[in-house]
Amino acid sequence: MTGQLDGPCGRCRYFRALEASTGACHRYPPVFAGESSPREAHHWRFPVVSIHGWCGEYQPPPEA
Ligand code: SF4
């Protein structure tokens with residue numbers, strides 16, 4: 001890592017891309033998104049994270 005904007009979410013094994021700079025973190029099961037969650041019938045979602053984010057649960061992707 002070379003700086004604060006080089007977070008590892010975009011390289012993490014638990015990251016699944018949604019858009020160019022965001023994705024869903026699948027480290028843990030979905031969390032409750034609120035009764036008024038507009039797009040979901042079930043109201044449970046994986047957290048959306050930036051590719052530049054990071055957390056202490058980071059794991060590198062499995063070897064190809
Ligand atoms: S670094 Fe943490 S928040 Fe980011 S995708 Fe990995 S587990 Fe999720």
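The model is predicted, so local features need pLDDT of at least 70 and side-chain atom pairs count only at pLDDT 80 or more, while totals for chains, interfaces and linings use all residues. Residues are numbered from 1 along each chain as its sequence is written. The protein chain has 0 helices and 5 strands, with helices (H or I, at least four residues) and strands (E, at least two) taken as DSSP runs numbered from the N terminus.

**Overall make-up**

- Along the sequence, the pattern of the protein chain reads β-β-β-β-β.
- Of the 64 residues in the protein chain, 6% are buried; that label calls for 20 or more other C-beta atoms within 10 Å of the residue's own, whereas exposed stands for 12 or fewer and partly exposed for values in between, with C-beta atoms placed from the backbone.
- Looking at contacts between residues at least 6 apart in sequence, 51% join residues at least 24 apart; a contact here is a pair of residues whose C-beta atoms, placed from the backbone, lie within 7 Å.

- Strand 1 and strand 2 pair in the antiparallel sense over 3 bridges, and they form a hairpin with 4 residues between them.
- Within that pairing, A17 stands opposite G23 in strand 2.
- Strand 2 (residues 22-25) also pairs with strand 5 in the antiparallel sense, over 3 bridges, and there A24 faces V48 in strand 5.

**S21, in a loop**

- S21 sits in the loop between strand 1 and strand 2.
- S21 counts as exposed because it has 10 C-beta neighbours inside 10 Å.
- Setting aside residues up to four places away in sequence, S21 touches S50 and I51.
- S21 and I51 are 30 residues apart along the chain, yet their C-alpha atoms are separated by 5.4 Å.

**V49, in a strand**

- V49 belongs to strand 5, and it counts as buried because 21 C-beta neighbours lie inside 10 Å.
- Beyond its neighbours within four places in sequence, V49 is in contact with C9, T22, G23 and C25.

**Around the ligand**

- The ligand is surrounded by 13 residues, and the closest are C9, C12, C25, R27 and C55; a residue is near a molecule or strand if its C-beta atom, placed from the backbone, lies within 6 Å of it.
- By class, this shell has 10 nonpolar, 1 polar and 2 charged residues.
- In that scheme, Ala, Val, Leu, Ile, Met, Phe, Trp, Tyr, Cys and Pro count as nonpolar, Asp, Glu, Lys and Arg as charged, and the others, Gly among them, as polar.

Notes
Pairing = 2+ DSSP bridges. Contact = placed C-beta atoms within 7 Å.
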